[in-house]
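Please look through the structure below and follow the description paragraph by paragraph.

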Amino acid sequence: MAEEEKKPTITVNEKEYLIEELNDSQKTMVNHILDINRKIGQTQFQLEQLQVASTAFNNMLTQQLEAEEEEKETH
């Protein structure tokens, strides 16, 4: 016996709803929620990249400033 394909659902307040049984307005809201959640994930990923880049530039600046200070002290 073939395994039944699971239909897409959404869980709201711990209750599961079949998306195909929602009305058009509800389906639109589900699509907005999915798109917003995708954008939140992308934004969090970009924030992580920016934080790493900021740390790297701060480290490079610190290294250059310390190197200049050491050079001044030795002359």
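The 7 positive and 16 negative charges of the protein have mean positions 13 Å apart. Lys and Arg count as positive, Asp and Glu as negative, while His and the chain ends are not counted; a charge is placed at NZ of Lys, CZ of Arg, CG of Asp or CD of Glu. The model is a predicted one, in which local features need pLDDT of at least 70 and side-chain atom pairs count only at pLDDT 80 or more, whereas totals for chains, interfaces and linings use all residues. Residues are numbered from 1 along each chain as its sequence is written, and side-chain values use heavy atoms, with hydrogens and water left out.

In outline, the C-alpha trace spans about 80 × 35 × 20 Å along its principal axes. The radius of gyration (over C-alpha atoms) is 26 Å, but a compact globule of 75 residues would have one near 11 Å, by the rule of 2.2 Å times the number of residues to the power 0.38. Buried residues (under 20% relative accessible area, 1.4 Å probe, protein chains only) make up 4% of the 75 residues.

The protein contains two strands and one helix, in the order β-β-α from the N terminus. Helices are DSSP runs of H or I with at least four residues, and strands are runs of E with at least two. Strand β1 covers residues 9-12 and strand β2 residues 15-18; the two run antiparallel and are joined by four bridges, where pairing requires at least two DSSP bridges. Thr11 has Glu16 in β2 as its bridge partner. Two residues lie between the strands of this hairpin, and Asn13 in the turn has a positive phi of about 50°.

Key: Buried means under 20% relative accessible area, exposed over 50%, partly exposed in between (1.4 Å probe, protein chains only).
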